[in-house]
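Work through the exercises below with the model on screen. Each one gives a task and then a solution in steps.

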Amino acid sequence: MFASQRVIRSSIGFSIAAGLLMLTASASAVDYLRDIKPVLKARCYSCHGALKQKADLRVDTALSMIAAKAVLPGDAAGSELIKRISNEDDDERMPPEGHALKEDQIAAIRSWIASNAPLPKDEAAEDDPRSHWSFQAIQRPPLPADSDQANPVDRFLAARQKEAGLITQAPALRTIQLRRLYIDLIGLPPTEKQLKDERPWETIVDELLASPHHGERWGRHWMDIWRYSDWYGLGAQLRYSQKHLWHWRDWIVESLNEDKGYDEMIIEMLAGDEIAPEDPETLRATGFLARNYFLFNRTTWLDSTIEHTGKAFLGLTFNCAKCHDHKYDPIEAEDYYRFRAIFEPHQVRLDPVPGVTDFEKDGLPRVFDNHLDAETFLHQRGDPKQPDKELKITPGVPRFLSQFATKIEPVKLPLPAYAPGTQPFVQRDHLAAADTLVEKARENLEKVKVEMAKNATLEKSPAKKAPHDSESNFPLEDDFTAFNPLLWTLQGNGLAYKNGHLEQINPSREPGQLVSKHPLPRDFEVTCRYTTTGGPTYRSISFRFDRDEAGKNANFIYTSEHAPGPKVQAAYTENGKTTYPADGRAKKSEATGKPQELRIAVRDQLANVWLNGEFVLAYTFPGRRADGHFSLSAFDATAEFHSIRIEALGRDVQFTKSKNTSESDSEESLDKTLRLAELELESAIAGQESVKATIAADTAHYDKTKAPAPALEKAATEGQIKEMEARAAFEMAKHEGGDKKKLSAATALKKKAEGQREALQNGTAAYKSLRASRKALETPAHKVEDYPSVYPEESTGRRTMLAKWITAPENPLTARVAVNHVWMRHFGEPLVETVSDFGRQAKKPIHHDLLDFLAAEFIESGWSFRHLHRLLVTSQTYQLSSSNRGASGENLQLDPTNSLYWKMNPMRMESQVVRDSLLHLAGDLDLTTGGPSLDSGNAKNRRSLYFTHSPDKLDQFLTTFDDADLLQCYRRSTSIVPQQALALSNSAMSLQSAEKIATKIGLERAQKDFITAAFDLILGRSPDSSEVEACETFLSELATLSAEESNSSATRFRNQLVHALLNHNDFVTVR
Amino acid sequence: MSKHLHLPASSFLHRRQFLHRAGLGFGGIALQSLLQEDGFGAGAHSAFDGKPQFAPKAKNVIWLFMRGGVSHMESFDPKPMLTQYAGKSIDETPYAHVQDPDRLKNVRVVVVNDANGKQRNVIYPLQVGYQKYGQSGTEVSDWFPHIGSCVDDISVIRSMWTTDDNHGAQVQFHSGKHRLDPPAPTIGAWVNYGLGSLNDNLPQFISMGPRYFDKKDGHYLGPAYDAVKLKIDLKNPLDYAKPESDLSGEEQGLGFGLVNRLNRLAKNHYPNDPSLEARIKSYELAYRMQTAVPDVINFDNETEATKKLYGLDQKETKSFGEQLLAARRLSERGVRFIQIMHGDGAAGAWDQHSKLKEKHSELAGQVDKPIAGLLKDLKQRGQLDETLVVFATEFGRTPGTQGSDGRDHHPYGFSVWMAGGGVKGGIAHGSTDELGFHAVENPHYVTDIHATILHQMGLHSHAMEVPGHKRLDMDFGSVIKEII
């Protein structure tokens, strides 16, 4: 009874399954290997295979399923496997994640079981994950014997090619080879002379590898892989990466140029602060970690650190183990958090650099262990809100590769590392800075006094207008027909005198500035006629006054033709930060292309503005500087300036009161200015005293050879409190009735000072050591001042352990991953396709032996990139033609994707190389190396790697040619889009470069000679006859088009010919 | 053209990657199909061949996005209870349960800031009246009377929710991914990726107006799928639109001609090189685009009546109206996805933490007429049936007041609407609770909008995946069946 029922049930099962099969596939019988195994592999192996055996079940062989009784041959319905995969209860159903198996997949399994689960022949169990090829120690394979090639690269490849019956292509033309080599090794195309270099290949290779530009070229590659990004955020608020991260970029370039070992580079990047805590040169390397800084979320910050440390150096996708054990690789979720624990204590700070105390100007971004006791918890399902408090997480590397890990040894730090304010240069700089502040405040006070005296005289003068003061050069009138150096200085680029007016030719967000030579009268009026002619977005014309030399402080009025709301706006910049008050704004009508007349009158803090004779705005500025210059500029706009008149304010000007403050009369305002100047001086003096006292206390406190000096410490405390009090008094007076936020900050400071004073009286106050570094905020709610100014005296040593493990010669991944990256950039394709994942998803490469040979060679050479580069580029393979021309039919049939390197792969130039090449061929490239990041713009001709590189500031031209993805760029994409055609055809840079290149080639050359020389220089090869003909036809067509013939038109045509060649596919291609 | 480059079937990934990298920013798939026709991609991936996967209802999308967060209660989801309980704190109303911690847990905080992203407890009354419009009687606030007059062509979805309580929700609305997750392609990029070009002279994915702070769309699909930025500026409609020199049109034409002739001749030196083919094609498109793009924004041939319909005659509506008129002209010419954002400023102009009444009414005044004009114009031209217009914003605003006259960010419930492209008219789908706090009936996460758009365009949202970039169910969304 029981048996027959079972038979019936299973036969029903079978017929249903068969029916379904008929519906879904035309397949005859179910084939285990074809229909079932791949499904189980994709969906089940990660938990029931070699990696893991949940519930002691493996489903990677039919036999193992039967042995575990998950499959009962002949009884589909009774088989646990079927019960679980077809269960409708989500808690019971397998697989637990993602969709259930599809109906036809279940039906196939059911059918296979019902037909007694026939076993495939010789089915092998899944390999042990630890036996994956890339997890095996690197062993130098023997060179293939059967080849006469001298270079090991050629030898390995020749063996494969011979086996496959492939014939290699001929070597490329010498000039093509040289162009390839120059672009590859230094990122710049060869000059005409360099293309004719007949010295041996090796000599040229060595010369290029020794060039300072080699580090720039390959530095940019590693900046891709190591995710270089300049800081970005909101306004001045740092949210991502770090300010002045260019120090790390310079370290990368310099390290490559001195051929520092890759192992050493990794150690410095991960643990420079532990191995050389006093060496700023080495500390720069830790920018690698500082780059991951994220203001809002520590977990996101550390996730990035973990993911990209894993991918960049090890080709391991740790990130997949954040929420659950890795699906493919033997990395458990716990390993993920053990890895996190290595980084848990670290934070980022800016250290002082000599001569600079303002961290907005410069500072060294670096990491250090700050929270030595910070605990790490496993986040259940990756959710930070669900820490597993039961499980103790200790720092460590993934267990499956931990055999060669060393012990974690804490590092004692030297004084300058944990108390940066004790370094003599820092103390000197802080004293000097305090002195400067006092000096400036004193000068300012003097000026205010002089101004008051002047004002008193004016009061008495009966004249309606201020008398002409010949010394002051006012009134000043200019119709901008030509530059007048007596009146103006011209700063920056982009402003030029043209067609009888002053013109901003190209829109820029860093426009040129016309600055008055002489300081303005305190009260003045300006009338300017100008036309905003265009611009991308803001189209602003700015009139600054009270401007200091660097433009970091100014009051100003501007007009904007920005489409959603053209306006007149009063604004002010303090220490580089600009405020655009809402009550300093008035709407106006759009006037692009129309001349406008703007008149500004300023009396003390009150400004009135008229546009084309109509009053539009009254605004009271929060403050005036006692001395300052006037400037005009066009921001994000093109504009023509027709005329200007600046004069001392007439007594009869009728002012409209502003809404933002009650009108105070001029004398009162001057009184306030005087009072502020006095308070500012007091505050500066208190600051100076405080710095002195602090340094004295620090010197005594940190000198362990001497007895403690409580008197000095008390004096320092007293000094610091006085400084707070004086600053609070000044700030409160300054912002009274003005900026509410600043006023409340000043009030808070006053409160704090009061609290400190009380504590001092109780004997509980302690002085703070000199604050000489700036720790990046851990959350937006924090303030720098609330952090201690001295850091832990010890570092955990965790990151040193990590770095040593990564660079241990026993580590099977590090060298392989690096060699693969280098190979890909020389040969256009990697040896291992998944460049950032060498885990089990990465198939064993065809050229496994070559990869291992190179990795072994790399390690044995002292991890020398220079050695590796030389080995690769001196191979015959590297020098082959990239063309299919003349290739045997077999080659194209047998290996159409060139996986065996029977020819060279052509490569699209990286965006930086496109721009640098244009400028370099034109002789325009400024080859200065290193230094702060520069905002892009055609005006600057530095190499592209020095451009600010952040999501907020991307260069438009570079973006068009697939600039590095800032989040992850282990390999660049190379698109071919029409925007590239437009950029190369229409950009001023390309057009101007063409002219200069044509001149350099030599316009005096005969036409055919010129064409040949242009091809040689730009494409690295001479033209064939039909190409010459096409060019000649083009030149004659141009001549037909042009009415007159002259030398200048001939030049123009040749410029256009060169321009066309710059647009040739083979200009942007490395052949 | 060559037919000699044969790729073995096993090199799918390789070929796909090539096509991917060689893809064109617009007409990207056009190039792919071109290469396929030429035998370069024969037998390649069948999921995207540049054609819809099933019969589409819509050919293109006009995506209108109000940056900053439009108050749902004061636009398309009026809540009279707010006026009734004005001044009371939420826990004094019968709806105190809306603040149960359990119901608030979806939110993921990126920006910690006292100034925004907070619960605001004291109920702020409605700042505007509303009325029923059309035969459907859907209620619309008095700030949007023109859109109200089109309501019988509109499906309002009043039950949206998202998880980012700050303006990162703009990124989330476009890509479905929270700011704390790795970035993902936006809906416009997916449409561009999934569908072929209908016009080889124009980009298939265009953006106008101020971008939100994520300036990219393609992300892991590659820069070829980023939107091409268009400006309503005849002199300078897009980057590098014409020579930054005195080169004449004829000279430039000859130059382009030479470039293409030389690239073709280069095939003698480098036969069977797909990059040469792609490069030639890209120059041809670029050259045609130089004329086609300015033509789109040249409104000379539009009647005065049409211009008026879009509000081009009024100062406050002119700028947005021009973008919408350009959008109609782009959609007419077969551009697949036209993304227009409104509301400049770091966070977006609609971000009324204060002065809600003054600012919202002003901003609504800038967009209401042009949007209604667009709908009417599309309709009278018979284009509305195949053009899907979407009106969206990143989140709603709090029922409670911030300061004396503002509302804070509110991710738990808000409204968007769709019209045309096979979407039913006169529907108000889903709802929030009486306070407009939570989406309660038929709640929809932002990707449901994406799934619905893709569905109307003839694409399965679940097919929108590329190797190496696993997506969750939530990332794909579900089609909102009730409105189509």
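The exercises use a predicted model and cover a chain interface and a helix pair.

**Exercise 1.** State how many residues of chain A and chain B are in contact, and what area is buried between the chains.

Solution. Start with the residues: 78 of chain A are in contact with 72 of chain B. Next take the area, which is about 6200 Å², with 57% of it from carbon and sulfur atoms.

**Exercise 2.** Describe the salt bridges and polar contacts between chain A and chain B, then the side of chain A that touches chain B.

Solution. The count of salt bridges between the two chains is four. A salt bridge joins the side chains of B:Asp233 and A:Arg539, at 3.5 Å from N to O. Among the elements that give two or more residues to the chain A side are helix H29 (978-986) and helix H30 (988-1001) of chain A. By class, that side has 34 nonpolar, 27 polar and 17 charged residues.

**Exercise 3.** How are helix H12 (residues 262-275) and helix H15 (residues 298-314) of chain A oriented to each other?

Solution. The two axes come within 13 Å and cross at roughly 175 degrees. Angles over 145 degrees count as roughly antiparallel, so H12(A) is roughly antiparallel to H15(A). H12(A) makes the contact with A:Tyr262, A:Ile266, A:Met269 and A:Leu270, and H15(A) with A:Thr309, A:Ala312 and A:Phe313. By class, this contact has six nonpolar, one polar and no charged residues.

Conventions. Residues are numbered from 1 along each chain as its sequence is written. Chains are lettered from A and ligands numbered from 1 in the order in which they are written. This is a predicted model: local features need pLDDT of at least 70, side-chain atom pairs count only at pLDDT 80 or more; totals for chains, interfaces and linings use all residues. Side-chain values use heavy atoms; hydrogens and water are left out. Contact means heavy atoms within 4.5 Å. Buried area is the accessible area (1.4 Å probe) that two parts lose on being put together, summed over both. A polar contact is a pair of N or O atoms within 3.5 Å; within protein, one must be able to donate a hydrogen and the other to accept it, and residues adjacent in sequence count only if both atoms are side-chain atoms. Helices (H or I, at least four residues) and strands (E, at least two) are DSSP runs, numbered from the N terminus. Ala, Val, Leu, Ile, Met, Phe, Trp, Tyr, Cys and Pro count as nonpolar, Asp, Glu, Lys and Arg as charged, and the others, Gly among them, as polar. Axes are lines fitted to C-alpha atoms, for helices over the stretch in contact, and angles run from 0 to 180 degrees between N-to-C directions. Angles under 35 degrees count as roughly parallel, over 145 as roughly antiparallel, 65 to 115 as roughly perpendicular and the rest as oblique.
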